[in-house]
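Work through the exercises below with the coordinates open. Try each task before reading its solution.

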Amino acid sequence: MSKQEPIIPATDAIGKLVQEFSKLPGIGPKSAQRIVFYLLRSTEDKTSTLAEALASLKQRVNLCSVCCNVTESDPCPICRNSQRDTTLVCIVEQPQDILALEHTGAYKGLYHVLHGAISPTEGIGADNIRIRELLDRFQNGTVKEVILATNTNMEGEQTAMYLSRVIAPLNIKVTRLARGLPFGTELEYADDVTLTRALEGRSEF
Amino acid sequence: MPDPREYQTEAIVIKKTKLGEADSILTFFTPHLGKIQGFARSLRKPKSKMAGHLELLTHSAVSFSKGRGNIDTIVGAQTINAFLPVRNDLWLTSCGLYVSELVHQFTAEHQAHYELFQLLQETLERLTQEDNKELALRYFEVNLLESVGYRPQLKECVTCHKQLEPTTNYFSPAGGGLVCPDCNLNQPFTYPLSLNAQKVLKLIQNEAFAAATRVKIDGELSREIDTVVNGYFKYLLEIEIRSAAWLDTLREQRMQFKS
């Protein structure tokens with residue numbers, strides 16, 4: 001029996017775009033098809049704006065040579081900002097984490113993006129994330145404190161413990177974001193680790 | 001009457017894979033169901049009620065709901081033991097991950113293996129308590145091999161079947177045991193194993209953990225055994241144990257800090 005031909009060949013403009021969209025995270029072939037047909041119905045203006053935005057993404061966005069955050073200018077606006085506290089560096093796993101921290105408006109120091117976390121079972125070690133760049137930043141002695149803001153899952157905790165070990169000999173204060181109960185949750189559902197850490201990290205009220 | 005679509009089991013989380021925006025697929029090792037997978041919706045959101053109970057290396061009581069697909073959905077979880085001291089130490093966390101990776105690699109899904117569950121649980125427990133944590137790891141490795149059917153032959157030469165002399169013999173991963181110095185000449189890829197290391201291996205293989213703690217194994221001896229056992233793992237699984245490489249990195253670093 002001969003194999004059935006796909007209705008939209010992957011070589012067609014539509015088929016090709018469907019195939020490309022379905023490679024994106026969280027988008028299956030059906031969603032990809034829906035997006036493509038939506039684009040087909042929309043004006044040429046809209047599609048060309050999208051195409052331009054896509055094309056310029058890789059051309060214009062680079063990593064900041066100081067903090068490894070994604071940026072269009074080097075150094076990035078945060079590293080260039082003279083109002084920020086240069087003695088304080090907050091270490092995060094992903095550029096998205098900076099967005100979350102900046103949204104709070106509560107932090108005025110600098111950042112460093114590791115672009116991942118140590119995950120031994122996935123084969124990601126200390127050399128696969130941007131730890132060397134971080135250690136290079138400490139050479140001039142400006143940094144007095146680092147805040148470990150990696151995730152509180154196993155990989156994030158491992159990365160934090162590893163970093164505290166390599167930074168400790170450099171005479172820089174190492175702190176970790178408080179770990180405990182998230183805002184708006186109920187105590188009865190908290191797990192042992194969270195509760196133990198919440199108790200350890202309790203502060204005067 | 002309980003809903004037959006739901007079931008509960010004790011389980012240790014041995015692997016976690018991200019899925020979509022905030023979901024996860026977890027791999028558990030359970031006492032009576034063997035290795036199973038579960039789907040956890042919104043586990044990575046800060047307000048997830050189950051996240052802390054389903055972190056890697058946590059021993060929990062987990063409730064599943066049978067779905068239409070291959071993977072059942074996790075509907076509840078309550079920690080039994082979080083092995084807190086393991087979590088608070090970089091080296092111990094890495095040891096825990098190494099142990100769980102080995103269990104994951106050596107087991108197939110849905111094959112009950114109660115002894116191995118017990119071994120995993122006891123090893124994690126030992127990492128939180130015992131002084132001799134290296135011994136706990138070696139004990140785990142040798143007994144894991146035993147329980148998955150690859151017990152190393154340490155009494156006689158696997159090639160000529162003669163009793164081994166009390167001298168340095170060689171471990172042959174392909175032969176699954178020791179070979180005498182004469183047979184070693186015809187064997188590719190063998191590891192020399194000192195008499196002391198052979199004695200320790202035999203003791204670990206034949207005695208309960210409490211009895212094995214009688215021997216003190218120093219770092220060098222432990223590494224000698226580790227190299228041989230890891231060579232055997234690599235031969236059997238035909239892949240690198242990724243967390244073993246990380247343990248080596250940490251070990252090297254520890255030596256640097258000491259010197």
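This is a predicted model: local features need pLDDT of at least 70, side-chain atom pairs count only at pLDDT 80 or more; totals for chains, interfaces and linings use all residues.

Residues are numbered from 1 along each chain as its sequence is written, chains are lettered from A and ligands numbered from 1 in the order in which they are written, and side-chain values use heavy atoms, with hydrogens and water left out.

**Exercise 1. Aromatic pairs**

Find how many aromatic pairs there are over all chains, then classify the pair B:F28 and B:F64.

Step 1. Set the rule: rings of Phe, Tyr and Trp (its six-membered ring) pair if their centres lie within 6.5 Å; planes under 30 degrees apart count as stacked, over 60 as edge-to-face and the rest as tilted.
Step 2. Count. The rule gives eight aromatic pairs over all chains.
Step 3. Classify. The ring centres of B:F28 and B:F64 are 5.5 Å apart and the planes stand at 90 degrees, so this pair is edge-to-face.
Step 4. Helices (H or I, at least four residues) and strands (E, at least two) are DSSP runs, numbered from the N terminus. B:F28 lies in strand 2 (residues 23–30) of chain B and B:F64 in strand 4 (residues 59–65) of chain B, so the pair ties together parts 36 residues apart in sequence.
Step 5. Check burial (buried means under 20% relative accessible area, exposed over 50%, partly exposed in between; 1.4 Å probe, protein chains only). B:F28 is buried at 0%, and B:F64 is buried at 0%.

**Exercise 2. Charges over rings**

Which ring face does B:K49 lie over, and which does B:R126 lie over?

Step 1. Set the rule: NZ of Lys or CZ of Arg must be within 6 Å of the ring centre and within 35 degrees of the ring normal.
Step 2. Apply it. B:K49 lies over A:Y189, at 4.4 Å from the ring centre. B:R126 lies over B:F209, at 3.9 Å from the ring centre.

**Exercise 3. A salt-bridge network**

Trace the salt bridges of B:R251 to B:D226 and to B:D248.

Step 1. Set the rule: a side-chain nitrogen of Lys or Arg within 4 Å of a carboxyl oxygen of Asp or Glu. Over all chains, the search finds 17 salt bridges.
Step 2. Take B:D226. Its side chain meets that of B:R251 at 3.5 Å, N to O. B:D226 lies in helix 8 of chain B and B:R251 in helix 9 (residues 242–258) of chain B, so the bridge ties together parts 25 residues apart in sequence. Both residues are buried.
Step 3. Take B:D248. Its closest N and O atoms with B:R251 are 3.1 Å apart. Both residues lie in helix 9 of chain B, three residues apart, about one turn of the helix.
Step 4. B:D248 is partly exposed at 37%, whereas B:R251 is buried at 7%.
Step 5. Join up. Shared partners link B:E134, B:R138, B:E141, B:D226, B:D248 and B:R251 into one network.

**Exercise 4. Helix 6 of chain B**

Check the span of helix 6 of chain B, then list the contacts of B:I204.

Step 1. Span. The expected value is 1.5 Å times one less than the number of residues. Helix 6 (residues 195–206) has 12 residues and reaches 17 Å from first C-alpha to last, close to the expected 16 Å.
Step 2. Burial. The buried residues include B:A197, B:V200 and B:L201. B:I204 is buried too, at 0%.
Step 3. Contacts (heavy atoms within 4.5 Å). B:I204 touches B:L135, B:R138, B:Y139, B:V142 and B:N143, not counting residues up to four places away in sequence.

**Exercise 5. The interface**

How much area do chain A and chain B bury between them?

Step 1. Define buried area: the accessible area (1.4 Å probe) that two parts lose on being put together, summed over both.
Step 2. Read it off. The chains bury about 2,500 Å², 63% of it on carbon and sulfur atoms. A:T121, A:M154 and A:R165 supply 27% of the area that chain A buries against chain B, more than any other three residues.
Step 3. Count residues. Chain A gives 27 and chain B gives 26.
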